Amino acid sequence: AYTDPTLNRTSLAALVGSNETYVRRSIQNNTGRPVNDYLNGLRLRHARELLTDKNLTVEAVAIESGFGARNTFHNIFRKEYGLTPDEFRRFVKR
């Protein structure tokens with residue numbers, strides 16, 4: 001479900017049959033991260049796996065991972081890992 005770019009706190013609560021407040025508190029208490037950061041973390045881990053596939057473009061990896069735009073993916077990836085997706089791909093290639 002996390003690869004759906006429209007997934008947010010509201011839709012996640014509906015998906016699990018709960019309310020937004022409970023979902024927000026549960027994720028925050030168990031991960032120490034806000035819902036959006038938690039979802040983006042899941043998306044980033046998925047993206048790292050996809051980046052090892054040389055046949056996928058970075059834009060395709062962004063979309064497949066649940067990011068709505070390549071620029072958003074690029075910025076969040078760099079903030080989390082200190083590398084751009086292209087730099088990460090080159091690093092893994094070695």
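Pro 5 is partly exposed, with a relative accessible area of 48%, on a scale where buried means under 20% relative accessible area, exposed over 50% and partly exposed in between (1.4 Å probe, protein chains only). The model is predicted, so that local features need pLDDT of at least 70 and side-chain atom pairs count only at pLDDT 80 or more, while totals for chains, interfaces and linings use all residues. Residues are numbered from 1 along each chain as its sequence is written, and side-chain values use heavy atoms, with hydrogens and water left out.

**The segment before helix 1**

Pro 5 lies in the segment before helix 1; helices (H or I, at least four residues) and strands (E, at least two) are DSSP runs, numbered from the N terminus. Not counting residues up to four places away in sequence, Pro 5 touches Arg 43, Gly 66, Phe 67 and Gly 68, where contact means heavy atoms within 4.5 Å.

Thr 3 belongs to the segment before helix 1 and counts as partly exposed at 32% relative accessibility. From C-alpha to C-alpha, Thr 3 and His 46 are 8.6 Å apart in space and 43 residues apart in sequence. With residues up to four places away in sequence left out, Thr 3 touches His 46, Ile 63, Glu 64, Ser 65 and Gly 66.

Ser 65, one of these partners of Thr 3, is found in helix 4 (residues 58–65). At 0% relative accessibility, Ser 65 counts as buried. A polar atom of the Ser 65 side chain lies 2.8 Å from the backbone oxygen of Val 61; a polar contact is a pair of N or O atoms within 3.5 Å, and within protein one must be able to donate a hydrogen and the other to accept it, with residues adjacent in sequence counting only if both atoms are side-chain atoms. Beyond its neighbours within four places in sequence, Ser 65 is in contact with Tyr 2, Thr 3, Arg 43, His 46, Ala 47 and Leu 50.

**Chain overview**

The protein chain has 6 helices and 0 strands, and from the N terminus on its elements run α-α-α-α-α-α. Its C-alpha trace spans about 45 × 20 × 20 Å along the principal axes. Of the 94 residues in the protein chain, 30% are buried. Among contacts between residues at least 6 apart in sequence, 48% join residues at least 24 apart.

| Helix | Capping residue | Backbone nitrogen of | Distance from side-chain oxygen |
|---|---|---|---|
| Helix 1 (residues 9–16) | Asn 8 | Thr 10 | 3.0 Å |
| Helix 2 (residues 20–31) | Asn 19 | Thr 21 | 3.1 Å |

Just after helix 1, Gly 17 takes a positive phi of about 70°. Helix 2 is followed by Gly 32, whose phi is positive, near 75°. The 12 residues of helix 2 reach 16 Å from the first C-alpha to the last, close to the 16 Å expected at 1.5 Å a residue; the expected span is 1.5 Å times one less than the number of residues.

**Packing of helix 5**

The axes of helix 3 (residues 35–51) and helix 5 come within 11 Å and cross at roughly 95°. Axes are lines fitted to C-alpha atoms, for helices over the stretch in contact, and angles run from 0 to 180 degrees between N-to-C directions. Helix 3 and helix 5 are therefore roughly perpendicular to each other; angles under 35 degrees count as roughly parallel, over 145 as roughly antiparallel, 65 to 115 as roughly perpendicular and the rest as oblique. In this contact, Asn 40, Leu 44, Arg 45, Ala 47, Arg 48 and Leu 51 of helix 3 meet Phe 73, Ile 76, Phe 77, Glu 80 and Tyr 81 of helix 5. These residues divide into 7 nonpolar, 1 polar and 3 charged, with Ala, Val, Leu, Ile, Met, Phe, Trp, Tyr, Cys and Pro counted as nonpolar, Asp, Glu, Lys and Arg as charged, and the others, Gly among them, as polar.

Asn 40 of helix 3 is buried, with a relative accessible area of 17%. Leaving aside neighbours within four places in sequence, Asn 40 is in contact with Phe 67 and Ile 76.

Helix 5 (residues 70–81) also packs with helix 6 (residues 85–93), at an angle of about 60° and with the axes 9 Å apart. Helix 5 and helix 6 are therefore oblique to each other. Helix 5 contributes Arg 70, Phe 73, His 74, Phe 77 and Arg 78 to the contact, and helix 6 contributes Pro 85, Asp 86, Glu 87 and Phe 88. By class, the residues of this contact are 4 nonpolar, 1 polar and 4 charged.
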